[in-house]
Amino acid sequence: MKQLLQARREWLLLAIIGVIALAVGARAPVFLSWRNGMDIANDSAILAILVMGQMGVLLTRGIDLSVASNLALTGMVCALVGRAMPGVPIGVLLLLALAVGAALGSLNGWLITRFDLPPIVVTLGTLSAFRGAIFVASKGAWISDQDIHVAIKGLPREQWLGLPALVWFALVVLVVWAVFLKLRREGRELYALGGNPHAAQYVGIPVKSRLMLVYTLSGMLAGLAGLLWVGRYSIAYTELASGYELTVVAACVIGGVSIGGGVGSVLGAALGVLFIGVVNGALPVIQVSPFWQQAIAGAVILISVMVNARAERRGGRLILERVDMKGRAA
Amino acid sequence: MKAWNTWERVLLGLLVLLIVVFGISQPGFLSPYAMADSTFNFSEKGVLALALALLIVTGEIDLSIAAILALCSLAMGFAMRAGAGSAGMVAAAVATGAMAGFLNGWLVTRYRLPSIVVTIGTLSLYRGLAMVALGDQAMSGYPEAFSILGNGYLADLFGPAWLIVPIEFAILLLCAGGVGVVLHRTVLGRRLYAIGANPVASRFSGIEVDRYRLGLFVFSGLMAALAALMLTGRIGSTRPNIAMGWELDAITMVILGGVAIEGGRGSIVGTMLAVLLLGLFTFAMGMANVSGIVMSMIVGVLLIVAMVLPRLRSSFAIFRSRAGT
């Protein structure tokens, strides 16, 4: 039943996205052109990579608010290394981005598992700490277009088999993550862990190492996104992507990933990303002020969690709900 | 729940240490005028922190509180444009705050949604509405009364020139007193702790959990309105990005103040000590020419250290007791 609800929900979201795209396309045919589609895909690719990491964390009932700061810090580190060593190949920079991001993510994971701290507080702290570290690393200066390493700038402009490189990166992450969650034992354990952490402990799931895994992965993907972001916009500065963590969480929630843990699919999360991408791409085309973006995103989050409210209720809580309702009637 | 506990003592110790260290190293820090003026920078955030402390003790959170502040400030501006007087502007801000808070509370209680998701949504919604309504414009030209509220001292109101306490800080202290008495000395306060510790058990023992939750969200909207009056008065203008990101600062104050994020524990004394600690620390670092972003980094690290230290001690205690037996 829950499977059915989840599946239906994804079709519904896809239909809504389709209707929006067609409606906007009817008013401004340019919106449905291949070129515009690629623009939206390019804009959504980085968000999709971040959302996959965040989704893993949300599945375990956690939250990673530090992703945007991690992204900016890793991006800055890569830009600085690129500037200091003009000869460094892109492969090394990619590895560096993944490593720095993973290190920052594992710091979150270590604090959360070693000291048993609430994830929201830890990542709230590292959100500020990483952001400040960018300032310290760059001494507050901007690294602008001419100082960004050529390979970093070139990467997002590559085209492979007719698709932009950013889209390929996002697709690879999506597919690997989907296979991991569906077919690997560790992936299934994340759902079990989020569904009921105590039960997960009793059936022998190594809770701490799984938590470590999701935070490290979230950091690693944020690091990758950082390198791509700096390349795409060819700039690195302290306030880069500031506040983007809320967009990432929003995409997850719109895509049906439950903040309460244990519920969510890669397809749904990807559709959540696509939704945000299509809405953001559509507003300028139909000449609605881009100031509407945020308000619409907010309204959509609220509506989708209200729609989800029923599906998210777990069997184990039903007894309490019913008692509560009786209490209400009395 | 005790209002004066180990953590509050630690905070007080840190506060004294901070005043001594910066008093020695930063000439001028200890001057009463500097101290009084330093409070301007954190009084509004302190008001938000008080509302958040109550919510977090009850096991909820309101991430939209700074966005509500922005909406209230906007409401003041539009009321002024519509020709309302000072009283009308205050009424507009208070009504907006109450409505925005009510929407949060209604969504949380009616649909049984986690408050963090709801308020991430309304954070986007409220801030977005502020941007839609105002675009890249700003509103200014507020009546003199608000400027006095935001920038004045008690001396301006009551006469004696030695009363250099800013009105904003006096308001913060009044609110802290009120909220503290309610939380620590009334049945209502006990119930909030009970709800935070175990909402289901509280419901079974006859506490109208949802009614209190709804009330608290409205209260947090009202406190945001109060902070909006103070902040708008102080800076004399409204922009859609007013108080951007303050929700995280206020939450940091509450958590550093020893309120447990999972609910059921914490005190207003601790929250206020953390407000003072962070406020004075920021002020002193500003005097020492440390950039704002580095300060926020230090605050972030402080937040984590504040969480880690007590756990280190308790795990050490377990280790010792194990070694003993």
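Predicted model: local features only at pLDDT ≥ 70, side-chain atom pairs only at ≥ 80, totals over all residues.

Visitor: What makes domain 1 and domain 2 of chain B separate domains?
Guide: The bounds come from an automatic or database domain assignment, and they place domain 1 at 6–290 and domain 2 at 295–325. The C-alpha centres of the two lie 28 Å apart.

Visitor: How do you know that domain 1 and domain 2 of chain B are in contact?
Guide: Two residues are in contact if their C-beta atoms lie within 7 Å. In chain B, 7 residues of domain 1 and 5 residues of domain 2 are in contact. On the domain 1 side, α13 (246–256) and α14 (268–287) each supply at least two residues. That side has 5 nonpolar, 2 polar and no charged residues.

Visitor: How many residues does each chain bring to the contact of chain B with chain A?
Guide: Chain B brings 41 residues and chain A brings 44. On the chain B side, α6 (115–134), α11 (199–204), α13 and α15 (292–324) each supply at least two residues. Helix α6(B) gives the most, with 14 residues. By class, the chain B side has 27 nonpolar, 9 polar and 5 charged residues.

Visitor: Why is the crossing of α5(B) and α6(B) given an angle of roughly 145°?
Guide: For α5 (residues 86–110) and α6 of chain B, the axes come within 9 Å and cross at roughly 145°. The crossing is right-handed. Residues making the contact include B:Ala100, B:Leu103 and B:Leu107 of α5(B), together with B:Val118, B:Thr122 and B:Tyr126 of α6(B). The contact has 6 nonpolar, 4 polar and no charged residues.

Visitor: What makes a set of residues a nonpolar core?
Guide: The members are buried nonpolar residues of listed types, joined through C-beta atoms within 7 Å. The largest such core has 211 residues, and among those that touch the most other members are A:Ile49, B:Leu48 and B:Leu71. Helix α12 (residues 209–235) of chain B gives the largest share, 16 residues. Domain 1 and domain 2 of chain B each provide at least three residues of this core.

Visitor: Which residues is B:Leu71 in contact with, leaving aside its neighbours within four places in sequence?
Guide: They are B:Thr96, B:Ala100, B:Tyr126, B:Leu129 and B:Ala130. Of these, B:Ala100 and B:Tyr126 also take part in the contact of α5(B) with α6(B).

Definitions and conventions:
Residues numbered from 1 in each chain as written. Chains lettered and ligands numbered in written order. Helix = DSSP H or I, 4+ residues; strand = E, 2+ residues; numbered from the N terminus. Nonpolar A, V, L, I, M, F, W, Y, C, P; charged D, E, K, R; others polar. Axes fitted to C-alpha atoms, helices over the stretch in contact; angles between N-to-C directions. Left-handed = near helix turned anticlockwise from the far one by under 90°. Buried ≥ 20, exposed ≤ 12 C-beta atoms within 10 Å, placed from the backbone.
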